Amino acid sequence: MPHSVISACDNPRMTPENYVQQKAAASGSSFYYAFLFLPPEKRAAITAFYAFCREIDDVVDEVTDPGVAHTKLGWWQGEVSKSFTGNPTHPVMKALMPMTATYGIEARHLQAVIEGCQMDLTQNRYLDFPALQRYCHLVAGIVGEVAARIFGQTDDATTAYAHKLGLAFQLTNIIRDVGEDAMRGRIYLPVNELQQFDVKAHEVLKRQYSDRFTALMKFQTERALGLYDEALALLPAADRRAQKPGLMMASIYRTLLREIAADNYQVLHQRVSLTPLRKFWLAWKTQALGKVV
């Protein structure tokens, strides 16, 4: 059983709602700033869902033994199945389950997130962009789909927007985290694109800069920026107001990408980030103007 289950349950004053709130806030993620502007019920739902995603992600990032990580993800698969039959045991699932019917959150959504993280245990290279997109679909597109439902989706076409935006977010994460991932032996940049720019895998793993690497990252960044534009063009006017939290995240992530580009793609030795104040300011401006800034 994951350690977090035991530690959460050992504290009788830690309610499931407190637990997911702490989990979401502790991540320092850009997503958290967008949640602040939601009404309480929607904020509670997205916080619980986000905490679930963090739990699954943490198994892959923090458990060094792949066998143990597989076992923990297997436990989570069982926990999701049990929860949807009325028997949640983990604080995250206890917080999330009361929201699932209201917001159309299904077991398949949660199992897809787990499946995506299982890929991280068995695969540390992607041959081409379509192969990477499959991974992004599970760990980000599905997350975008659920988030759009919680935010108040009314038009079916918003699902395509949410998936495209999720892909843009995930590619931004990949660009930002090239150095951190290399330290774990992972390269998410597609193999055929490394070859196209004549960047060797060992150069990335050793975190060596070159003009070739800079050109590769410029290509990755321009594609991601293009995907933000494509996603925003897909958002139906009817859902524009409800989907403001996604637009806030797009403002923050797009600004981060521009910052990385302005810093000449120095992502191998550091994790470029925006300050909490700047994230809040970008979220607030998007809330006020109703568009991505």
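Helices are taken as DSSP runs of H or I with at least four residues, numbered from the N terminus. The model examined here is predicted, and 21 salt bridges are present in the structure.

Helix α8 spans residues 129-151 and contains both Arg149 and Glu145, which are four residues apart, about one turn of the helix. The two side chains form a salt bridge in which the closest N and O atoms are 3.3 Å apart. Glu145 has a relative accessible area of 7% and is therefore buried, the limit for this class being under 20%. Arg149, with a relative accessible area of 24%, is partly exposed.

Asp177 takes part in a salt bridge with Arg176, with an N to O distance of 2.8 Å. Both Arg176 and Asp177 are buried, the relative accessibility of Asp177 being 10%. A salt bridge is also formed between Asp177 and Arg271, whose closest N and O atoms are 3.8 Å apart. Asp177 is located in the loop between α9 (158-176) and α10 (178-183), and Arg271 in the loop between α14 (244-262) and α15 (276-289), so this pair ties together parts that are 94 residues apart in sequence. Arg271 counts as partly exposed because its relative accessibility is 42%, a value in between the cut-offs for buried, under 20%, and exposed, over 50%.

Salt bridges also link several residues into a network, which comprises Lys23, Arg54, Glu55, Asp57 and Asp58.

Methods:
Residues are numbered from 1 along each chain as its sequence is written. This is a predicted model: local features need pLDDT of at least 70, side-chain atom pairs count only at pLDDT 80 or more; totals for chains, interfaces and linings use all residues. Side-chain values use heavy atoms; hydrogens and water are left out. A salt bridge is a side-chain nitrogen of Lys or Arg within 4 Å of a carboxyl oxygen of Asp or Glu. Helices (H or I, at least four residues) and strands (E, at least two) are DSSP runs, numbered from the N terminus. Buried means under 20% relative accessible area, exposed over 50%, partly exposed in between (1.4 Å probe, protein chains only).
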